[in-house]
Amino acid sequence: MNDCSGPLQFDHHVSIIFPSEDEIAMDAIKHALKALRKRHVLEEGAHSPAFIALSRPLVAQGSEWKEKAENLEVELQQCYKAQSRLSEQLVVEVAESRASKALAQEKEALISELQNELTETRDKCTHLTALLEEKTEALELVMSEHEAIKAELEEMTLRAKNAEAENRILIDRWMLQKMQDAERLNEANALYEDMLDRLRASGLEQLARQQVDGVVRRSQGAEFYMESSFPTVSKHKIPAHEGGCAAIFFDYSSGKLVSGGQDRTIKMWDTNTGSLSRSLFGCLGSVLDLTITHDNKSIIAASSSNNLYVWDVNSGRMNHTLTGHTDKVCAVDVSKVSSRLVVSAAYDRTIKIWDLFKGYCTNTLIFHSNCNALCFSMDGQTICSGHVDGNLRLWDIQTGKLLSEVAAHSMAVTSISPSRNGNMILTSGRDNLHNLFDIRSLEVCGTLKASGNRVASNWSRSCLSPDDSYVAAGSADGSVYIWSVSKSSIVSTLKEHNTSVLCCSWSGLGKPLASSDKSGIICTWT
C-alpha cells in the first residue's frame with residue numbers, strides 16, 4: 001500500500017499552468033485522476049479489513065494475493081504511464097494550438113494588410129479611371145481641333161496652289177513685258193547711238209553742247225554727258241587714313257571725294273584744295289567699301305564689323321546701322337533708280353537687299369561662293385556680282401533668282417563697274433586682267449592687261465571714266481594704269497604711291513581721278 005501511495009503523492013505535487021483556453025482540459029484530467037485515486041483509496045479501504053482478516057487464516061493464500069497486489073500495482077503503473085503519455089500529448093497539442101493561434105493571428109494581420117492594399121488599389125483605380133476619362137475627353141477635343149486644322153490647311157494649300165498658279169501667270173506676263181521693254185530700250189539705244197553718229201558726222205554736235213568750266217553738259221535732261229581726258233599729273237597727295245584706305249568715291253554733283261579707311265572713319269575732301277571738309281564717326285570696324293545715294297543725302301559704308309552704317313550727309317549723324325550679316329561686309333551699292341534700295345555682300349556667302357527708308361533687310365540671296373564686289377544695273381532691275389570663284393553673276397532684284405552667269409576670271413573677281421549707258425560692265429580679277437562685258441549677252445568686249453600690273457587684294461577697285469573711254473586700275477607696285485577702251489592699250493602710267501594701290505575712282509564731272517593705297521595715302525590726278 002505504501003508503494004502505491006508514492007506515485008500518487010508525486011503526481012499530487014505536479015502542477016501545470018495553462019492559459020485560460022487549456023484550463024478546462026487540465027481540470028478534466030485532474031478530476032479524472034482524483035476520481036481514480038479516490039476509487040483506489042476506497043478499494044484499498046474496502047479490501048483492507050478483508051485482507052487483514054483473511055491474511056491470518058489464509059496464509060497459504062498469501063502468495064496468490066501478493067501476486068494480485070503486484071498485478072494491481074503493475075496496472076496502476078500502467079495507468080500512471082498512460083497518464084504521462086496523455087500529459088505529453090496534451091502539451092504537444094497545446095503547443096500546436098498556440099502555433100496555430102499565432103499562425104491564425106499572422107494570417108489575420110496579412111488579410112488586414114491585403115484588405116488595406118486592396119482599398120488603396122481600388123482608390124487608385126478609381127482615380128486613374130477618372131484621369132483616363134479626362135484624357136480621353138482632351139484627346140477627343142485635340143482630334144477634333146486637328147481635323148479642323150487639317151481641313152483649314154487643305155483649304156489654305158488649295159489657295160496657295162491657286163495663288164502660285166496666278167503668280168506664275170503674272171510672272172510670265174511680267175517677263176514678257178520686261179522682254180518687250182528691253183527690246184524697245186535696245187531699239188531706243190540703237191537709234192540714239194545712230195543719231196549721235198549722225199550728229200558727229202554732220203558737225204551739229206558742237207552746237208548741241210554748252211561748255212562750262214571745262215565740263216560738257218547735255219542741254220536736255222538732268223544727266224551729265226562728260227568728255228574725259230586721261231590724267232598725267234598728280235595734283236594732291238593727302239595722308240587721309242591710318243592703316244590704309246580701301247574705299248573712295250566721288251559724289252554726284254559737287255565733285256567732293258569721300259574716303260573710308262582702317263581707322264574706322266569716313267572723310268569728305270575738297271579735291272580743289274585737298275583739304276578735309278568733314279569727318280563721320282561711329283563705324284565699329286575697318287571700312288571696306290562705300291557708296292552714296294544719287295540725291296547725295298546718305299553715305300553708306302560696308303564694314304569688317306559685319307554691319308553697314310548709314311550717315312546723313314548734311315547733319316553728319318548716323319541714321320541706321322544695318323545688321324544681319326554674320327561676317328565682314330566687303331561690298332555695297334545703291335540703286336541708280338531709287339535711293340531706297342541698297343545691296344550688300346559679305347563673307348557669309350550672302351547678298352542682302354535693304355530698304356534704306358525702313359532700315360531692314362527685304363531679301364537675302366545665298367550662294368556657295370563669297371562675293372567680293374557688286375553693283376546695280378543702270379535700270380535698277382539687276383544686281384551684278386563678282387565672286388571668289390571668278391564668276392560674274394546677274395540676279396533679278398524682284399525675285400532674287402539667278403538670271404545668268406559667266407566665268408569672268410580664272411581667279412577671284414575683285415571689282416565691278418557699270419558703264420554710264422548701262423550696256424557694258426568692267427570686271428577686274430586676281431588674274432591681273434580687266435575685262436569688259438556686254439551686260440546683255442555677257443560676251444567679252446575687250447580685255448585690258450599690262451605686264452607690270454598686279455592686283456593687290458581681293459577688294460582692289462578699278463573704275464571707268466564718265467564717258468566710258470578709259471579704265472583706271474591700281475597695282476601692287478604702287479602704279480596706276482590707264483587704258484584706252486577703244487584701243488585696248490595703256491595710255492598712261494601714274495607713279496606717286498609707295499605702297500599697293502587699293503582703289504581708283506573717277507569724278508563724274510570728268511576730272512579728277514583719285515587713287516588710294518595701303519598706307520592710307522590718297523592721290524588726285526589731272
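Begin by selecting Trp311, a residue that is buried, with a relative accessible area of 0%. Keep in mind throughout the tour that the structure on your screen is a predicted model.

**Aromatic rings**

A search of the whole structure finds six aromatic pairs, and the rings of Tyr309 and Trp311 make up a tilted one, since their centres lie 6.2 Å apart and their planes stand at 35 degrees. A pair of aromatic rings is described by two values, the distance of the centres and the angle of the planes, and you can look for both as you turn the view.

Next, select Tyr470 and Trp506, whose ring centres are 6.4 Å apart and whose planes are at 25 degrees, so this pair is stacked. Planes count as stacked when they are under 30 degrees apart, which is the step of reasoning that puts the 25 degrees of Tyr470 and Trp506 in that class. If you colour the strands, you will find Tyr470 in strand E25 (residues 470–474) and Trp506 in strand E28 (residues 501–506), so that the pair links distant parts of the chain, 36 residues apart. Are Tyr470 and Trp506 buried or exposed? Both residues are buried.

**Salt bridges**

Side chains of opposite charge can pair when their charged atoms come close. How many salt bridges does the structure hold? There are nine, and the tour visits some of them.

Select Arg159 and Glu155, whose side chains meet in a salt bridge with a distance of 2.8 Å from N to O. Both residues lie in helix H3, four residues apart, which is about one turn of the helix. Glu155 counts as partly exposed, at 41% relative accessibility.

Move on to Lys237 and Glu496, where the side chains meet in a salt bridge at 4.0 Å, again given from N to O. Lys237 lies in strand E3 (residues 234–239), while Glu496 lies in the loop between strand E27 (489–495) and E28, so the pair ties together parts that are 259 residues apart in sequence. Lys237 counts as partly exposed at 39% relative accessibility, and Glu496 counts as partly exposed at 31%.

Now select Asp289 and Arg461, which form a salt bridge whose closest N and O atoms are 4.0 Å apart. Because Asp289 lies in strand E8 (residues 287–292) and Arg461 in the loop between strand E23 (443–448) and strand E24 (463–464), this pair ties together parts that are 172 residues apart in sequence. Asp289 is buried, and Arg461 is buried as well.

To end this part of the tour, show Asp389, Arg393 and Glu405 together, as these residues are linked in a network of salt bridges.

**Along helix H3**

Select helix H3, which runs over residues 62–202 and contains Glu113. Glu113 is partly exposed, with a relative accessible area of 48%. Show Glu117, Glu120 and Asp123 as well, and you will see the residues that form a negative surface patch together with Glu113.

Stay with helix H3 and select Leu86, which is also found there. Leu86 is exposed, with a relative accessible area of 53%. If you then select Ile29 and draw a line from C-alpha to C-alpha, you will span 9.1 Å in space, although Leu86 and Ile29 are 57 residues apart in sequence.

**Backbone details in the loops**

The last stops concern the backbone. Select Lys511 and Pro512, and look at the peptide bond from the one to the other, which is cis, with omega near 5 degrees. Pro512 has its place in the loop between E28 and strand E29 (513–517).

Then select Arg349, which has a positive phi of about 65 degrees although it is not a glycine. Arg349 sits in the loop between strand E13 (341–346) and strand E14 (350–355), and this residue is partly exposed, with a relative accessible area of 45%.

Finally, go to Ser488, a residue other than glycine whose phi has a positive value near 55 degrees. Where is Ser488 found? Look in the loop between strand E26 (479–484) and E27, where Ser488 is partly exposed, with a relative accessible area of 39%.

Conventions: Residues are numbered from 1 along each chain as its sequence is written. This is a predicted model: local features need pLDDT of at least 70, side-chain atom pairs count only at pLDDT 80 or more; totals for chains, interfaces and linings use all residues. Side-chain values use heavy atoms; hydrogens and water are left out. Patches are made of residues with over 30% relative accessible area and no salt bridge: like charges are joined within 9 Å, nonpolar side chains (Val, Leu, Ile, Met, Phe, Trp, Tyr) within 5 Å. Accessible areas come from the Shrake-Rupley method with a 1.4 Å probe; for residues, only the protein chains shown count as cover. Lys and Arg count as positive and Asp and Glu as negative; His and the chain ends are not counted. The place of a charge is taken as NZ of Lys, CZ of Arg, CG of Asp or CD of Glu. Helices (H or I, at least four residues) and strands (E, at least two) are DSSP runs, numbered from the N terminus. Buried means under 20% relative accessible area, exposed over 50%, partly exposed in between (1.4 Å probe, protein chains only). Rings of Phe, Tyr and Trp (its six-membered ring) pair if their centres lie within 6.5 Å; planes under 30 degrees apart count as stacked, over 60 as edge-to-face and the rest as tilted.
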